[in-house]
Each structure stands twice: as structure tokens, then as C-alpha cells.
Amino acid sequence: MKKTKIACCLFILAVFALLVTVSSSTAEEIGKLTGREFAQLVRGGVLYDNWFEELGVKIDKTHPSYPAVGQKKGAATWRCKECHGWDYKGKAGAYSTGSHYTGITGIRSYANQKPEQIIKVLKDNTHAFGSMILDKELEALAIFVAYGQVDVDLYINRDTRKGIGDPASGGRIYLSTCIKCHGEDGKEINFKDEKNPEYIGTVANKNPWESLHKIRWGHPGAQMISLFFLTLKDQLDVLSFCQTLPDK
Ligand code: HEC
Ligand code: HEC
């Protein structure tokens, strides 16, 4: 009995130590980036969302590696997020079922890997991005995969979809920056249409993983700013504030 308790404690300690080293090694790597590399990291976040929108590339066919079980077609199937998810967990995350299901794995195991290794993946036969995306954009994507992704399950409850942030702190950021474009109640821009309007409050509650990604990196092809220069805590506070805004 006692032995199992000790073993259990040791195990928990080991897991904690691992968590701390993993996250602090990311922070350390980000701290070591030059100004240009830091800018590349942020650019990579936007490209992960929708690289062809950001780069103004026209695509009309479906990605050759997009599986037959998937329900999407055309340009959408070329977005990293379409195959790997807003939560970076692919088939182990929000896309484990539903209209975005592909059965493809996430990118989590490539966190903290060497960007050069990741560029190789992006140029492999599965992805075949080498001929479509310039080297400097591939580098941005690789730096994002290495140092930009986080384990969202530590910060967003899978079942309730609520973030762990403090809405009051987040409000100070939202109401002094985001407000300029999205308005005090988040309803200034309608992301969908008159019949089925979607506002900040709608998307932050429906898809908090996507909203956190946009908060951290910005929105492709739009003037929207990235909050990556702030701490992850600040970004999570903004998400939690957004979840308090009206959803219709
Ligand atoms: C059409 C679907 C599709 C798109 C779009 C796509 N990938 Fe992938 N990706 C895959 C497949 C398939 C694999 C191989 C993993 C597997 O066997 O499920 C993979 C693997 C990876 C891996 C290695 C993950 C691992 O654990 O092996 C990384 C990193 C990655 N992709 C990054 C990206 C990035 C960045 C983009 C956008 C520029 C992207 N992918 C776009 C389908 C896609
Ligand atoms: C300079 C204007 C601007 C600022 C500042 C701005 N945004 Fe945006 N945001 C946009 C535009 C434009 C879009 C894209 C609208 C569209 O696709 O219809 C967008 C899209 C979004 C989306 C994606 C909605 C979706 O599902 O497609 C979210 C979430 C979001 N913004 C949150 C924020 C938050 C939080 C802030 C503050 C940190 C912020 N924005 C600051 C202009 C801005």
C-alpha cells in the first residue's frame, strides 16, 4: 500500500517535471529567437490558419493527400488546420468526429523539434508544399510548429469548452484593442451572414481553440493584430473575456 503510494507520488512528480521542462524549453527557445525569427513565428501562425489566403494563392483542386473519408473539397483541404486541427491534435482532438474528420494525426509530437526537420516534412510527398510555398514561408510554418503550438487541453476544458482565463483581466486588453474593429460587444463584424450571424461571442464559445489561435496569431488576409507578444496568460484572459460576449 505504502509502496504504491510512493510510486504514485514519484510518477506524478516525474510527469510534473516533464511538463515544466517541456514548456520551459519552448519559452527558452522563443527567448533565443532573433527579432526576425520571432516575426517569422507569428507569420507561421497565420499561415497555419490559411496560407493561401494570406499569400493570395488561388487553388481550385482538392489536396491529393486529403482522404476520401473527409467531407471537404477544394481549397479548404489545403489548410494545415483542416488536416491537423485548431487544437493541433488532429484525430485525437476536436476533429475526431464530425464534418472535419480526416483520421490524420496532429502536429503535437513536432513541438520543440528542429525547424529544419519540419521543413523536410512540409516538402515530403504527402504535403508537396515545396513547389507551392516559398522557402521563407515554409520556414515560418516550421518555426510555428516547433515553438508556436501549445497543449490546449491544459487551458481549455474539452467538455464545457470554457477557458481557464480571467475575463476581467482579458476585458482590459479586449476593450482597449480588439474593440476598434470588433466593437464593445464583439458584434461589429459578422463573420457569417445576416441569417446566421456569428460574432466574437459566438465563435469564442463554439470553437475556443480556433479563437485562441486567432488571438495569438491574428487573422489571415486581415489587418487583425497578433497578441503573441503578451504572455499566454494574457491571451487566455482575452479568450475568457470573449466567451462572456453575446453570441447573437
Ligand atoms: C491534406 C491533408 C494535410 C494538410 C493540408 C497538411 N497536412 Fe501535415 N500531415 C498530413 C498527413 C497525412 C501526415 C502524416 C501523419 C499521418 O500519418 O497521419 C502529416 C504529418 C504532418 C506532420 C508530422 C506529424 C507527425 O506526428 O508525424 C507535421 C509537423 C505536419 N503534417 C505539418 C503540417 C503543416 C504545417 C501543414 C500546413 C502547411 C500541413 N501539415 C498540412 C496531412 C496534411
Ligand atoms: C484592425 C482590425 C482588427 C483588430 C484590432 C482585431 N481584429 Fe479580429 N478580425 C478582424 C477581421 C477583419 C477579421 C476577419 C473577419 C471576417 O472574416 O469576416 C477578424 C477575425 C477575428 C476572429 C475570427 C472569427 C472567425 O471565426 O472567423 C476572431 C476570433 C477575432 N477576430 C478576435 C479578435 C480579438 C480577440 C482581437 C483583439 C486581440 C481582435 N480580433 C482584434 C479585424 C480585427
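I started with ligand 2 and asked which helix gives its shell the largest share: α9, with four residues. Helices here are DSSP runs (H or I, at least four residues; strands are E, at least two), numbered from the N terminus. This is a predicted model, where local features need pLDDT of at least 70 and side-chain atom pairs count only at pLDDT 80 or more, while totals for chains, interfaces and linings use all residues. Residues are numbered from 1 along each chain as its sequence is written, and chains are lettered from A and ligands numbered from 1 in the order in which they are written.

I found 22 residues around it, with C178, C181, A222, Q223 and M224 coming nearest; a residue is near if its C-beta atom, placed from the backbone, lies within 6 Å. Two or more residues each come from α7 (179-182), α8 (200-206), α9 (208-217) and α10 (232-242). By class I noted 14 nonpolar, five polar and three charged residues. For the classes, Ala, Val, Leu, Ile, Met, Phe, Trp, Tyr, Cys and Pro count as nonpolar, Asp, Glu, Lys and Arg as charged, and the others, Gly among them, as polar.

Then I turned to ligand 1. Its shell holds 24 residues, and H63, C80, C83, T105 and Y110 are the closest. The elements giving two or more are α2 (35-55), α3 (80-84), α4 (115-122) and α5 (135-148). I saw that α3 gives the most, four residues.

The protein has 10 helices and zero strands. Its radius of gyration is 19 Å, close to the 18 Å of the globule rule for 248 residues, so the protein is as compact as a globular protein of that length. That radius is taken over C-alpha atoms, and the rule is 2.2 Å times the number of residues to the power 0.38.

Last, the cores. A nonpolar core is a set of buried Ala, Val, Leu, Ile, Met, Phe, Trp, Tyr and Cys residues joined through C-beta atoms within 7 Å; buried means 20 or more other C-beta atoms within 10 Å of the residue's own, placed from the backbone. The largest core has 23 residues, and L47, L141 and F144 are among those touching the most other members. I noted that α5 supplies the largest share of this core, nine residues. Apart from it lies another core of 22 residues, including V152, I215, L227 and L236.

Notes. Buried ≥ 20, exposed ≤ 12 C-beta atoms within 10 Å, placed from the backbone.
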